Structure formats: structure tokens, C-alpha cells
Amino acid sequence: MALRRTAAVIVLLAGIALGFWVVFGSPHDWVGGMRLLKFALGLTSLGMITASAWLMFPGSPDDDDDDDISPHPMTGPLDAL
């Protein structure tokens, strides 16, 4: 679990660094077809940040290493609405 979270932090920092470089760095001089590459790099940056969130907080029980089974929380009267 620690390796997964370490990888998530590394991917997060790399995605943020790429995003800052696209926004504030050299790509301001790119024109024509290179603007599409700038757009692709921006999307890649967002994808890396999203992937790091998935690595840090797995969404399904199959991705988590916890073997204990906890009872489901009780539902309240507003949950049925």
C-alpha cells in the first residue's frame, strides 16, 4: 500500500509540474499544429493528476488490500428518497 501511495504522489507532482510548464512555460511561442501538442500536453497533465487520485484512493473493494468485512452503515429516513 505504501508503494502505491508513493507512486501516486510522484505521478501527482509530475502532473502538476507538466501543467505548470504548459501554462507558464515555453509553449506560449507554439503556433499552428504545435498548439494541438500543447493541448494534448494539458490533457495529459490532467490525466496524470486523475490517475494519481485513483492510485491514492482506490475506488473498488478489489483494489484495496483490507481483508476485514465491516457492516454496512445504517440508512436514515432521507436515504430512501
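Tutor: Start with S52. Its relative accessibility is 4%, so S52 counts as buried. Buried means under 20% relative accessible area, exposed means over 50%, and partly exposed lies in between (1.4 Å probe, protein chains only). This is a predicted model, where local features need pLDDT of at least 70, side-chain atom pairs count only at pLDDT 80 or more, and totals for chains, interfaces and linings use all residues. Residues are numbered from 1 along each chain as its sequence is written, and side-chain values use heavy atoms, with hydrogens and water left out.

S52 belongs to helix α2, residues 34–56. Helices (H or I, at least four residues) and strands (E, at least two) are DSSP runs, numbered from the N terminus. Which residues does S52 touch, leaving aside its neighbours within four places in sequence? They are A8, V11 and L12. Contact means heavy atoms within 4.5 Å.

A8 is one of the buried residues of α1. L12 also lies in helix α1, but at 31% relative accessibility L12 counts as partly exposed.

Now widen the view to α2. Its 23 residues reach 33 Å from first C-alpha to last, close to the 33 Å expected at 1.5 Å a residue. The expected span is 1.5 Å times one less than the number of residues.

Turn to the partner helix. Helix α1 covers residues 2–24. Its 23 residues should span 33 Å, and its end C-alpha atoms are 33 Å apart, which agrees. Its buried residues are A8, G15, L18, G19 and V22. What covers them includes α2.

A14 is in helix α1, and its relative accessible area of 34% makes A14 partly exposed. A14 and S45 are 31 residues apart in sequence, yet 8.0 Å apart in space, C-alpha to C-alpha. Next comes I16, also placed in α1. I16 counts as partly exposed at 33%. I16 and L46 are 30 residues apart in sequence and 8.3 Å apart in space, C-alpha to C-alpha. Then there is A40 in helix α2, partly exposed at 35% relative accessibility. A40 and V22 are 18 residues apart in sequence and 10.0 Å apart, C-alpha to C-alpha.

The loop between α1 and α2 holds H28. Neighbours within four places aside, H28 contacts V23 and K38. H28 and K38 are 10 residues apart in sequence, with 8.9 Å from C-alpha to C-alpha.

Go back to L12, the contact of S52. L12 is also part of a nonpolar surface patch with V9, L13, I16, F20, V23 and F24. Together these residues have about 660 Å² of accessible area. Areas come from the Shrake-Rupley method with a 1.4 Å probe; for residues, only the protein chains shown count as cover. Patch residues have over 30% relative accessible area and no salt bridge; like charges are joined within 9 Å, nonpolar side chains (Val, Leu, Ile, Met, Phe, Trp, Tyr) within 5 Å. A salt bridge is a side-chain nitrogen of Lys or Arg within 4 Å of a carboxyl oxygen of Asp or Glu.

W21 counts as partly exposed at 37% relative accessibility.

Finally, the whole chain. It has two helices and zero strands. Buried residues, S52 among them, make up 14% of its 81 residues. Among contacts between residues at least 6 apart in sequence, 64% join residues at least 24 apart. The chain exposes about 6500 Å², and carbon and sulfur atoms supply 70% of that area.
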